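Here's a quick tour of one protein chain. Have a look at the picture, then read on for the details.

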Amino acid sequence: KAIVSSSIFSKLLQISSEEKDILTCEKLLKIFQRLLIVAKIDEDKYFIPALLPSEDILNESLSVESSTVPLLFLFSDKCTPSGLFCAVVVKLLAKGWTVDLKEKVYCNIVSLIYKKIKPNLAICVIDSFKYFEVYCSRENNLPEIKKEMEDVINSVIISRKYKCEQPKIAFFCSCSECKVATIEENGDLCCCHKSYSLEDMEQERKWIRGVVGATCSVSASKATCTARTTVSTTPLAISFCDRPQLHQLHRLEGDGGQVVKVMEIVAPVWEDLALALQFSGSCIDTIERDSLRKTKTACRMCLQQWLQGKEGLRRPISWQTLVDCLREMELTDLATDLQAALSS
């Protein structure tokens, strides 16, 4: 759906196929390419990532192969700038990367391959609303991949005049209360509660300093590491629903399977449940908007905020509280189903 030919642009602009009109279409395409809306991927084929549908990044059926932790680009605003992710993808394509069409591609999840070297380099880039995630299945040359992404993201921010600061390098945080930890000037990883020495963080250190003994032959404009990343259901992959941002949910019961059970039961009534958990109307509206009105995603976001101990929300934080809320809402059958599912 996101791959079109120049003839489509001609039809949309009601331009005839006569020779004198071809230049007009070419000019339009060049403007779109300059604005990082369209990327030319073949002789007469153009890729427009913004035309792709979005995908729930918490979908349990999605996973990504990775031998190390993902690299995060954390934005200071509450969410990633609108349109930035698609523009970054177009910029990467212009620098020699290609879309891995063997994998499912979305406007917020894209697998890319660099085919000009053998074996091919492949990465998976994800827009997680508050940060970009970059995954790679091989450890060699990770600093060069980091540099490539930094250069592209910062270049797009400047060229498109986004009113935002350049993102910070960050990683998922193992702290029970934080989501991410950023790299500080002294080289340590810091979250809102504590700091970690990079020397003690083996996986994160590989992105910053590389792998001991690895040979590097990558420049900022030509990444050549041997990597293979996919969005698939391989058993060895990291499931998106198991990412550290959901550790609160998993830790509460010690079993990620409980999360799935809870979601299946309470997702259809998440808005009423949010009110019972004492969320404000404006907060519920924000969750609905940020979740792209996807019921399951919205329910997860609601539960995340509650489990993280957001001020003013209902206590105590336990699955039993959810059961009690359902009973107070006179949803006795759902309460019974949830109680039974959590006890099984």
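How are helix 3 and helix 4 oriented to each other, parallel or oblique? They are oblique to each other, since angles under 35 degrees count as roughly parallel, over 145 as roughly antiparallel, 65 to 115 as roughly perpendicular and the rest as oblique. Keep in mind that this is a predicted model, where local features need pLDDT of at least 70, side-chain atom pairs count only at pLDDT 80 or more, and totals for chains, interfaces and linings use all residues. Residues are numbered from 1 along each chain as its sequence is written, and side-chain values use heavy atoms, leaving out hydrogens and water.

**The whole chain**
- You'll find 12 helices and 15 strands in the protein chain; these are DSSP runs numbered from the N terminus (helices are H or I, at least four residues; strands are E, at least two).
- Of the 344 residues in the chain, 49% are buried (buried means under 20% relative accessible area, exposed over 50%, partly exposed in between, using a 1.4 Å probe and protein chains only).

**Helix 3 meets helix 4**
- Two packed helices are described by the angle between their axes and the distance between the axes.
- Here, the axes of helix 3 (residues 84-94) and helix 4 (residues 142-159) come within 9 Å and cross at roughly 120°; axes are lines fitted to C-alpha atoms, for helices over the stretch in contact, and angles run from 0 to 180 degrees between N-to-C directions.
- On the helix 3 side, the residues in contact are Leu84, Ala87, Val88, Lys91 and Leu92, while helix 4 brings in several, including Met149, Val152 and Ile153 (contact means heavy atoms within 4.5 Å).

**A closer look at helix 3**
- Nine of the 11 residues of helix 3 are buried, so the rest of the structure largely encloses it.
- Among those buried residues are Phe85, Cys86 and Val90.
- After helix 3 comes glycine 96, and its phi is positive, near 115°.

**Cysteines**
- There are zero disulfides in the structure (a disulfide is a pair of cysteine sulfur atoms within 2.5 Å).
- Cysteine 302 is in no disulfide, and the nearest cysteine sulfur, from cysteine 299, sits 6.2 Å away.
- Cysteine 302 counts as buried at 1% relative accessibility, and cysteine 136 counts as buried at 0%.

**Aspartate 272**
- This residue, aspartate 272, belongs to helix 8 (residues 270-276).
- Aspartate 272 is partly exposed, with a relative accessible area of 45%.
- From C-alpha to C-alpha, aspartate 272 and isoleucine 284 are 9.8 Å apart in space and 12 residues apart in sequence.
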